[in-house]
Amino acid sequence: MDDRTENEPLAPKLDLTEPAQGSDRRAFMMRSALATAIVSLTGRPMAAFADAPAKAPPLDPRLEVVRTSKGPIMTTLEEFYKVGPGPSSSHTIGPMRITYDFYQRCTKLPADQLAQATAFRVNLFGSLSATGKGHGTERAALAGILGKEPATIDPAFLDGLRQKPDQVFSVTLGGKKFNASLKDIIYDKTKGDFPHPNTMTCHLMAGDKVLLEQEYYSVGGGFIEWKGYKPPKKGTPKYPYETMAQLIDYAKKNKLSLAQIAMANEIAVSGKSEADINAFLDKIIAAMRATVKTGLGAPMSVLPGPIKLKTKAHDVYVNAQKQEGTARKAIGLVSAYALAGSEENARGHLVITAPTGGSAGVMPAVVYSLGEGGVKLPEDKIRAGLLVGAMVGYLCKHRATLSAAEGGCQAEIGVASAMSAAMIAQAYDAPPQVAANAAEAALEHHLGMTCDPVAGYVQIPCIERCAFGAVKAWTGYLIATNEIPANHRVDFDSTVAAMAITAKEMNSKYKETSEGGLAVSVVLC
Ligand code: SF4
């Protein structure tokens with residue numbers, strides 16, 4: 001428990017003229033020399049040396065992550081694992097979920113009303129209108145209104161729309177057929193008194209007459225709401241917890257695995273049956289496999305954006321298969337799977353938030369390596385692993401953050417790696433303490449990792465970083481399963497606390513602003 005006051009620094013102010021006590025003088029001198037060289041070569045200061053660390057502003061108490069950070073964890077799988085087209089959960093996944101929801105509502109209208117339908121009309125307002133074009137919002141919105149679900153859409157459909165935007169599609173509602181195209185998605189007012197910056201309205205038209213109308217909001221992270229929205233009621237968790245220590249305690253006392261605890265809580269909180277929860281997990285696993293397979297199969301190409309980054313998953317995959325030596329081959333393949341998933345996100349194809357879009361290559365790579373791309377474990381083991389991985393993610397969200405804007409890359413790739421390490425342990429039926437130790441090790445060795453995407457695109461360092469996150473997950477598991485569990489010195493909860501403290505103290509330049517690190521040192525030609 002941190003009992004310092006708000007204004008009391010957690011660490012002494014850095015003196016950049018002398019090495020700190022106990023630090024490595026040689027490293028300090030090398031960093032100083034590097035900083036001097038950068039200033040002489042580029043005429044601008046190295047970001048880390050430019051000035052003293054900026055104090056990160058305190059979190060706004062109105063933030064959901066702050067308001068829900070007390071009491072037992074209530075997050076559900078469907079809130080956590082979301083599938084949809086990249087690159088933005090609020091500007092692509094959210095709008096597509098909205099139009100898909102509207103399409104579903106339309107299908108439930110009485111037959112006599114559907115018989116009059118002639119067109120859809122979708123109006124985008126505020127930020128959706130201002131920046132939607134760069135995020136492919138209109139393509140995502142059209143796909144949803146055509147009845148395509150974000151989780152299962154074929155990415156080729158969105159690519160085809162980008163290449164041939166004039167395509168016209170036939171929609172069947174009840175017995176009625178009419179046409180739909182990108183012309184039905186309207187970039188409307190960017191400024192106004194909207195209930196939310198990401199507001200949109202959907203209409204089903206009969207000529208000039210409106211048959212059905214609904215106002216929606218894409219409220220971030222792929223979550224959606226609508227006018228009159230009432231949040232679903234949640235049940236009380238069977239095993240209320242806020243720490244990994246509590247989970248281990250429940251497991252010991254009740255002789256349960258972490259996966260059994262996760263399933264019992266999910267049933268209690270969401271009100272769903274075990275069969276429905278398993279069906280959802282299967283959907284997520286299938287989507288993760290699809291992103292890896294599509295990414296591996298895509299020949300080398302140039303990713304969208306100013307970096308003109310060439311993809312490498314396909315080449316790494318082909319060459320890793322020929323690699324001699326089991327360990328080298330395995331590491332090469334896991335890396336290729338992660339590169340594949342992450343490159344798919346960069347292409348604007350399917351992304352699974354586990355926990356975020358930037359880290360979208362990590363868990364899919366591990367899922368693929370546990371199944372057909374590797375050790376071929378039975379499906380129920382992988383499902384159980386995904387449940388435990390989610391619980392690790394919930395704990396990080398609850399006690400620290402999943403947002404790079406708050407905590408840097410440790411909160412994205414670090415958490416994804418920890419979730420994946422616990423998933424591997426559970427999939428191999430390792431005891432709860434081993435799963436906790438594996439997650440701890442994977443997270444510990446990402447602590448302090450900054451977020452510095454070059455040109456603001458989720459490509460450098462993000463794509464390769466996913467590969468390192470996936471390999472570290474396997475390393476975390478392999479150390480945890482081969483050591484004596486009781487000898488593991490650092491506990492998971494302490495490492496999450498360290499991530500929270502590091503997030504708080506991290507210079508704001510390294511929190512998804514593209515103002516520091518690689519974003520500054522890499523020069524785009
Ligand atoms: S560098 Fe930033 S954008 Fe890239 S994966 Fe890490 S947290 Fe996400």
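Q: Start with Val-171. Is Val-171 buried, partly exposed or exposed?
A: Partly exposed. Keep in mind that this is a predicted model.

Q: Where does Val-171 sit?
A: Val-171 is in strand S3, which covers residues 168-173.

Q: What does Val-171 touch, leaving out residues up to four places away in sequence?
A: Val-171 touches Leu-146, Lys-177, Phe-178 and Ala-180. Leu-146 is 25 residues away along the chain. The C-alpha atoms of Val-171 and Leu-146 are separated by 6.5 Å.

Q: Zoom out. How many helices and strands are in the chain?
A: The chain has 22 helices and nine strands.

Q: And what share of the residues is buried?
A: 45% of the 525 residues in the chain are buried.

Q: Now the ligand. Which residues come nearest?
A: There are 14 residues around the ligand. Gly-358, Ala-404, Cys-409, Cys-451 and Cys-462 come nearest.

Q: What classes make up the shell around the ligand?
A: Eight residues are nonpolar, two are polar and four are charged.

Q: On to helix packing. At what angle do H18 and H19 pack?
A: About 155°. The axes of H18 and H19 are 7 Å apart. H18 spans residues 413-427 and H19 spans residues 432-444.

Q: Are H18 and H19 roughly parallel or antiparallel?
A: Roughly antiparallel, because their angle is over 145 degrees.

Q: Which residues make that contact between H18 and H19?
A: From H18, they are Gly-414, Val-415, Ser-417, Ala-418, Ala-421, Ala-422, Ile-424, Ala-425 and Gln-426. H19 contributes Val-434, Ala-435, Ala-438, Ala-439, Ala-441, Ala-442 and Leu-443.

Q: How many charged residues are in the contact of H18 with H19?
A: No charged residues. The contact of H18 with H19 has 13 nonpolar and three polar residues.

Q: And is the crossing of H18 and H19 left-handed or right-handed?
A: The crossing of H18 and H19 is right-handed.

Q: Another pair. How do H12 and H15 cross?
A: H12 and H15 cross at roughly 95°, and their axes come within 9 Å. H12 is residues 274-297, and H15 is residues 362-370. H12 and H15 are therefore roughly perpendicular to each other.

Q: Who's in the contact of H12 with H15?
A: On H12, it's Ile-285, Met-288, Arg-289, Thr-291 and Val-292. On H15, it's Met-363, Pro-364, Ala-365, Val-367 and Tyr-368. By class, the contact of H12 with H15 has eight nonpolar residues, one polar and one charged.

Q: What about phi? What is the phi of Lys-255?
A: Positive, about 50°, although Lys-255 is not a glycine. Lys-308 also has a positive phi, near 60°. Most residues other than glycine have a negative phi.

Q: Are Lys-255 and Lys-308 buried or exposed?
A: Lys-255 is exposed, with 7 C-beta neighbours inside 10 Å. Lys-308 is exposed, with 11 other C-beta atoms within 10 Å.

Q: And where in the chain do they sit, Lys-255 and Lys-308?
A: Lys-255 is in the loop between helix H10 (244-254) and helix H11 (258-270). Lys-308 is in the loop between H12 and helix H13 (313-321).

Q: Last one. What is Gly-305 in contact with, leaving aside neighbours within four places in sequence?
A: Ala-455, Tyr-457 and Gln-459. Gly-305 lies in the loop between H12 and H13. With 17 C-beta neighbours inside 10 Å, Gly-305 counts as partly exposed. Gly-305 and Val-458 are 153 residues apart in sequence, and their C-alpha atoms are 9.9 Å apart.

Definitions and conventions: Residues numbered from 1 in each chain as written. Predicted model: local features only at pLDDT ≥ 70, side-chain atom pairs only at ≥ 80, totals over all residues. Near = placed C-beta within 6 Å. Nonpolar A, V, L, I, M, F, W, Y, C, P; charged D, E, K, R; others polar. Axes fitted to C-alpha atoms, helices over the stretch in contact; angles between N-to-C directions. Helix = DSSP H or I, 4+ residues; strand = E, 2+ residues; numbered from the N terminus. Parallel < 35°, antiparallel > 145°, perpendicular 65-115°, else oblique. Left-handed = near helix turned anticlockwise from the far one by under 90°. Contact = placed C-beta atoms within 7 Å. Buried ≥ 20, exposed ≤ 12 C-beta atoms within 10 Å, placed from the backbone.
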